[in-house]
Every structure is written in structure tokens, then in C-alpha cells.
Amino acid sequence: MNPVLEAPPKEKRERWEGAPPSPPPEPPDGNGGNGNGGGDDSRDSSPSGKPLLGNTQLAMLVLIAAEIMFFSGLIGAFLVFRFSGKPWPPPFQPRLPVEVTAVNTALLLLSSYTMVRAQLALKKGDAKALPRLLTVTGVLGVVFLAIQGYEWVRLVNFGLTASANVYGSLFYSIIGTHGFHVLSAVVWLVAVLVRAHLGKYSARNPNGVVACAMYWHLVVGLWPILFYLVYLL
Amino acid sequence: MSETTADAHGAHDHHEGGFWSTYVFSLDHKMIARQFLWLGLIMMVVGGMLALIFRWQLAWPETQVWGFEWISDESEGMPEGYVTPNFYNMAVTMHATIMVFLVVMPILVGCFGNFLIPLMIGARDMAFPVLNMLSFWVAVLGAVIMTAGFFVEGGHAAAGWTGYAPLSTVPEYSGVFMGQTLWALSLFVLSFSSLMGSINYITTLINMRTEGMTWFRVPLVVWSLFVTAILGLLALPILGSAGAMMIFDRVFETNFFNPAKGGEPLLWQHLFWYFGHPEVYILILPGMGIASELLPVYCRKPIFGYRAMVYAMLAIAFLSWIVWGHHMFQSGMNPALGSAFMMTTLVIAIPSAIKTFNWLGTLWGGSIRFTVPMLHALAFVILFVIGGLSGIFMASNVVDIYIHDTYFIVAHFHYVIFGGSVFALFGGIQHWFPKMFGRSMDEALGKVHFWLTFIFFNMVFFPMHILGVGGHMRRIYNPLQYEFLQGMQPINVMITLSALALGLSQIPFVFNFFATVFRWNAKWFRVLTQAVSGLVVGFIGYKSAAVMFEGLMEPEASTGGRIVGTIVFVALTVWIYRYLEKNMAPLGADAPQNPWDANTLEWVAPTPAPHGNFGPTLPVVRRGPYEYSVPGESADWAPQTEAIDPKYAEAGH
Ligand code: HEM
Ligand SMILES: [Cu+2]
């Protein structure tokens, strides 16, 4: 047997010569002042109580933080080009459809409202209202996507393409990435909707809806910022 | 939702499961940890081979690499074993990429994060086991994509691990087509894997600590993994968006980074380093955590300044977001901005120094046990200090104008990543192996591996400081093309010889690992292990002696060199053979529950820890993680579950 692996004698260890003088005996895990030994439990909340946020909410918050960082990379790129001193938008480029997109923005914001209503319905245990409100929310998301897609087709026909210049590259990358997020949110919502119809959720078991709703609000919340930056700034 | 399901697991061990659900699509955090370990170790072989190939080219430019002469002369990469310039660029790029993203991150974050967090905080599993399994398989997908790049037309990515644009975004500049796209795609996929890991780590640690496990009773390695998870979750999406833009540039011909079409190459650098500097702390923080964990155990002393350690980690994590410009001093940055980045970078030295002094304070007066994990922890401290100090030189933008993009930088980051993270990784493997696999890795073999690695690590990377100050640029194909570098070529040769030795030095580790995992303890296998380890050391000794006797360029030119070499060869081979014969324990024997007399909760769990970790009831924590040698207590250690002597309990309040 390897010598190191044997249990050592269970007695007080010898101090080495030249070591600093022993500190006065300190209660284990007490407030030594410097936290040596990693112990200090007096003013620390106990983890065994009910956590502030459930696992699902916490996980979604982490995901949302990551998404925000992802978009800030794209937004950072946008700002670099927008404020590089060159004329913006570049001359001879088609103008972006501000009015239509403003209406579209309103639709998307409305979907967040219906989503909140759906969450409230779930909280009240209103089994009928939940699928209905989720459906409305999803339809609004789909309408948003359809209008976006229509405008894209028009823009491409006008000659604004991703490879034409940086303006186009930014427009399609940022708006496209957001559109892809709306699409994934809709897909997720459809899955939740199916489960809602099957009666899988209740006031005491709302997690699936809560997670999807948090994601939905993220996607909606990002949009006005992107709209302002890309269309208006 | 999963809290309750996870709880239900422990009570009755009904998960018998078949092969697929036990070993492949396992939901158990310990199995996922082991899967990450395998992934990392396998990729380490690939990354190491690439390094040896380009080291060969640097020492003996444009000669056939030994062992690769058989390759057909029609091969794109290494016709007849010659390294082509493109292959050289690819090898350098992929060595770094693989080591960072597919070795250090999977093992330090993926393996240790998964294994330690639930065990050390007294949880039955991660908060989201399915997500956890996905995180591993997505990492495998990333690894497959990354590996596929080697086999496509035009070769793999060759623009450096930093992927600077427009070299990386305009295929015509580098001659690389699919490879670079796959590279970016793989990083994108890997950042997803990391994100899933982060979600689990953060949620689990915040919500699933067992009773009594207050924040300041959480072991430092778990703290470090927590901070790492936060950094990862915030930093990797930035790489994701930069990588997405790179893919768009290459596939959809957008113009983000191509100046010829109005793009901005510096944008890539800013995004990459805004991710990149937090990334290097993702690589080192778990290493710091492991060192903080091992030192108290093997010094039989509390960690010095537990809270200072925690706050220093938080400070490092915060500061790592405001220093990225130090990688870009030479990019034409406004000097005032450069000075600002210099200041923030220098400030990072403060929390780093706090940690270093706390490690030294932990060592001071301890009754040190020089086990293999302890040796690695000590090496970590020593080498991290060297790497940190060279970092301070480079942080000064005046100095950095001179040494930027030289071998000085290469020396710096290998001291922190290899000397720091990888030594911690080996130490951590040896330390937690008993809990992971239920058996202890051999100490004697481990010592042979440690000393060889430690010596040759320093022989490879220390001289790089000298090369760098001498003006040797990094990432050059053939140093002999530059007259002013020719005088330093012997250093390059010595580095390469040492690198080959460093590669061979891993053989005892491989033997140790496999023998322990698969319980190979037959007589013939032990003899083989002894003989091979002896021969490795003997062979390295032979070369070194011949080199020293004969000068660096032609080690075996004379009989004198050969005779001295042979004597050293025989002496070393026999010595190591005998040493192992005497000291090797039975390979793969069952490990005791708590072989190191450590306090933290993973050692309270049975060995190897079962599904659900702790049996019917979860442990209750009653004291801090590092209460070793408490005056007045009978044993020099006390598991965190042990109640405090009532006579002290009163005094504490
Ligand atoms: C005291 C702390 C540190 C300081 C002051 C510091 C400073 C620096 C500076 C100024 C550079 C840029 C040099 C140049 O390219 O001209 C650099 C490069 C680098 N550092 Fe550090 N560093 C520190 C710690 C670390 C740690 C802990 C790691 C990783 C575990 C690390 C990894 C790297 C890497 C990988 C590079 C090179 C990146 C490349 O160009 O490929 N550093 N460091
Ligand atoms: Cu840095």
C-alpha cells in the first residue's frame, strides 16, 4: 500500500521550527475576523430556506444575460460603423421602411402585453384563457415575422443586399438575427401552447409557461432598441 | 422543477440502466464529468502532436519531420513529411485553438465543474441534468466540426487562434476555404455548450446548496467555478457574435471585416479581445481554485485569507472586462487610451498578488505532505508567479511595443496556461481520481510524470523569454530566413528537443491513467510500465547528455557523446525501473473513502459516489471547508459535517 494513502495518526500535528507563533485557540468556524478556515456563519442566510428565484427563472435569467451579450456584440459593431464619420445611410441606398416597421413594433409590443395577460390567467388558474391568450401572442409574433419578411423582399428588390455594403450587412445581420430569435420564440410558444391545451400547466406548475414568457419578453424587449438604432439613428 | 426530481433520485437507487444510458447519454453529473475528461485528454494528444510538428520546423526548418516521411508527396499538408508554410500556419492555429477550447475548457470547466459543484455543495445532481447531458454532446459536436476542418479542401484555419481579419475572412489571402468557416462554426457551437454549462453551474450553486452550506462555507474551487461560469456566460456570446459575423463575411459575403469593401478589421480585434481577456481568466480561475483547494489539504492548515481569496476572484473577474486593449497596443490605438488600458491591466496584478501571498501564507508553517497533487499545486504557484510577472512587463505599453508578437508573449501565456491551468489540471485529476473512479492513481508513477513535466516545461518555455527579447517573432515559418535570428537558432533547437522530451514525459501519466481506470495490475503490465517509464527517462537523459557533451546542433556526432550518453541512459533507466518497482502500489486498487483526510463534502460521499451522491439523506454542513489542525481538536481534520465542540459553539456568538 502506498504510504501516503494511509490514514495519519489522529493527533495534534507538530509545529515546524521557525513557524510563526501559534495563534490563540480560536473557536472553529467562529468569527475570527479574517475568515480563516472559511468559517463565518453568523450573518449568512441559510441556503436551506426557499430560494428567492426558482431554478427555471434563474436559468432563464442566465440565458437572457448571455443573449444580451450576444446582441451587444452586434450592436457594438453597428455603433462602430454608424459613428465612423462616413455619411449614414450611405448615398444611393434605398431608405428603410420606418412607418411600416413602427406599426410592426407596436404589434410586437402588444404581443408582450398578451403574454403578460396569459401569465396572469395561469396564475389565476383560468384554464380556458391561457391557451387563447397564448394563441393571440403567437399570432402577433407570426404577423410580425411576415411583415418583416415582406419588407426584406422589397428591400432586396430595391438593391439593398447583405453583400452590397456595410450598411446592408449590418441591416440583414442584426435584423435577421432578431428575426431568427422571434422565430425560435414562436416555435417554443407553439410547443407550450400544445402542452397548455393538454392541461399540463397550472398555477402551481407554471414553469414551462414562465420560461417561454421570459424569453418572449426578452425578444420583444430587444426590438425597440434595435428599431431605434437601425431604422432611426 | 428538477430540485424535486433530483431529490427523488438519491433515496432509492433504481437507475440500473443499460450501456447507453449509463455511459453515453448519461444524466449523472459525475459521468458527464468523466466524459468531458476523456474528451479533453484525447484532444490534448491531437493538440500536442501539432505543437511538436511545428516545433520541429522551427528547430530544423524545412527538413522531413521524423516519423512522417511516409506521407505521399501529393499531400497538401506535409508532402513527404516536409512542413509547408500553409501547414505551419494551420498547425500553430489549431494547436492553440484545440488546447484552449477543447482541452483546458472541457477539463477544467467541463469536468471539474460538473464533478465538483454538486458534490461539494451537497446536492444530488445539477439543476438540469438533461441540459447537462446536452452540454456535453454539443461540445462533442463542436469537437467533430473542429476536427472535420483538417480534412477539407484548402486545409484547416490558419489565421492564428486569434483569427485576425481580414486574413481570416478573405479566403484568397490565406488559401483556406472551408476550414476557417468550420473553425468559426465550431467555436460558435462550443460557446453554446459552455452556455448550457454555465446555466447549470450558476443555478445549482445558488439554489441547491445543502443545509448549512452558506456562501462563505463554499469551497474555493466551487467559488472559482462559479466566477468562471459567470465570465463564460458573458464572454462567450461575444465570441459567438464575432464568429457569426466572420461566418457571414465568408459565406454571405457581408463586409464587416474586409477593409477593401468598407469593413473594419479592428472591429474583429476589439470583439475578439473583449471576449479574449475574460477567456484567459476562464482558463486560469479554476486552476486557482484547485490550487486553493489542494494546498490546505496537503499543508494540514486552513487556507490563509479565505474571504480575501473570494473577493480577489470577484475583483479579477470584474477587472478582466476592462483590460482587453492591452492586446492591441500596436493597433494604432490612441496613446492616451493605451495608457488607460495599461493602468487597468496593472491593477489586475493586485488581486493576483493577494491570491499568491495567500497561497504562500497557507504554506507557511504547514506540515506539508509532498503528494503528487501537492507537487502540482506548488508548481502551479511557482509557474503562475513567473507568468504573472512577465504579464506585468507586457502590460506596460512602452515595453510592449518592443516585445509584442514575439516569443516573450508565447513564454508568458504558456507559463500561465500550461504552468498554471494544466499543472492544476493534472493535480486535480490525481486528487479527485479516487472519488471519480473509485481507485487512486499511483503516487510513484505520478512523481515521475510530475518531475519530468516540470523540468521540461521550464526548459521549453523559459528560454522563450530570451528569444522574445532577442526579437524572435512568433508565428514565423522559418527563423533562419532572418539574419539577426540565426545566432539564436541553438536555443530553438534546445527548445524543440525539450518539447519532444515533454511529449515523452506524458507516457508515465498515460500508463498511470489507463492502469488505474481499467485495473491493469498484472505482473507483466507492471514490468512493462516500469520498463517504459525507465526507458523514457533514460532516452531523454541520453539525448541531454549527448547534447551537453557535443554542443547543440549535432548531438550525436562523436563517440564521446555516444559513450557519455549511453552511461547516463543505463543509469537513469535502471534507477527509474528500480524506483517504480519498489514504490508502485497495486495499480487500480480500490481507494478508501477519504484518502487524503480532506474536509469537503465530496469526501463524505461513498467512493465512488453513487447516483444521487449521498445516500438517503443529504449531509448537513456545520463548519467551514478548511478547518485543519484546529487547536484543541483531536484529529487534524474534520469533515464539514462534523459538529463543532459545544464549548466553542457558545463562544462564537
Ligand atoms: C498578472 C496578470 C496578467 C497580466 C498583467 C497579463 C498581461 C498580458 C498582456 C499585456 C498581453 C499582451 C501582450 C502582447 O500581445 O503584446 C498578454 C497576452 C496574453 N496573456 Fe496575459 N496577463 C496576465 C495573466 C494572464 C493569465 C492568467 C492568462 C491565462 C491563463 C494569460 C494569457 C494570455 C494569453 C493567452 C496571451 C496572448 C494572446 C495572444 O496574443 O495570442 N495572461 N497578457
Ligand atoms: Cu489579456
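Trainee: In this predicted model, are α4(A) and α5(A) roughly parallel or roughly antiparallel to each other?

Mentor: Helix α4 (residues 166-197) of chain A packs on helix α5 (residues 207-232) of chain A at an angle of about 160°, and their axes are 10 Å apart. Angles over 145 degrees count as roughly antiparallel. The two helices, α4(A) and α5(A), are therefore roughly antiparallel.

Trainee: How many nonpolar residues does the contact of α4(A) with α5(A) have?

Mentor: On the α4(A) side the residues include F171(A), I174(A), W188(A) and R195(A), and on the α5(A) side they include G208(A), Y215(A), W223(A) and V230(A). By class, three residues of this contact are polar, one is charged, and the nonpolar ones number 17.

Trainee: What is the handedness of the crossing in which α4(A) passes α5(A)?

Mentor: The angle between the two helices is about 160°. The crossing of α4(A) past α5(A) is left-handed.

Trainee: What percentage of the contacts in chain A with a separation of 6 or more is accounted for by residues 24 or more positions apart?

Mentor: Chain A has 233 residues, of which 33% count as buried. Among its contacts with a separation of 6 or more, the share from residues 24 or more positions apart is 75%.

Trainee: Which residues is A291(B) in contact with, leaving aside its neighbours within four places in sequence?

Mentor: A291(B) is one of the residues with the most contacts inside the largest nonpolar core. In α9(B), A291(B) is also among the residues that meet α11(B). With its neighbours within four places left aside, its contacts are W359(B), A377(B), F380(B), V381(B) and A424(B).

Trainee: How are α9(B) and α11(B) oriented to each other?

Mentor: The axes of helix α9 (residues 265-299) of chain B and helix α11 (residues 335-363) of chain B come within 9 Å and cross at roughly 15°. Angles under 35 degrees count as roughly parallel. The orientation of α9(B) and α11(B) is therefore roughly parallel.

Trainee: How do the residues of the contact of α9(B) with α11(B) divide by class?

Mentor: From α9(B), M288(B), A291(B), L295(B), P296(B) and C299(B) meet K355(B), W359(B), T362(B) and L363(B) in α11(B). The division is seven nonpolar, one polar and one charged.

Key:
Residues are numbered from 1 along each chain as its sequence is written. Chains are lettered from A and ligands numbered from 1 in the order in which they are written. This is a predicted model: local features need pLDDT of at least 70, side-chain atom pairs count only at pLDDT 80 or more; totals for chains, interfaces and linings use all residues. A nonpolar core is a set of buried Ala, Val, Leu, Ile, Met, Phe, Trp, Tyr and Cys residues joined through C-beta atoms within 7 Å. A residue is buried if 20 or more other C-beta atoms lie within 10 Å of its own, exposed if 12 or fewer, and partly exposed in between; C-beta atoms are placed from the backbone. Two residues are in contact if their C-beta atoms, placed from the backbone, lie within 7 Å. Axes are lines fitted to C-alpha atoms, for helices over the stretch in contact, and angles run from 0 to 180 degrees between N-to-C directions. Helices (H or I, at least four residues) and strands (E, at least two) are DSSP runs, numbered from the N terminus. Angles under 35 degrees count as roughly parallel, over 145 as roughly antiparallel, 65 to 115 as roughly perpendicular and the rest as oblique. Ala, Val, Leu, Ile, Met, Phe, Trp, Tyr, Cys and Pro count as nonpolar, Asp, Glu, Lys and Arg as charged, and the others, Gly among them, as polar. A crossing is left-handed if the near helix is turned anticlockwise from the far one by less than a right angle, and right-handed if clockwise.
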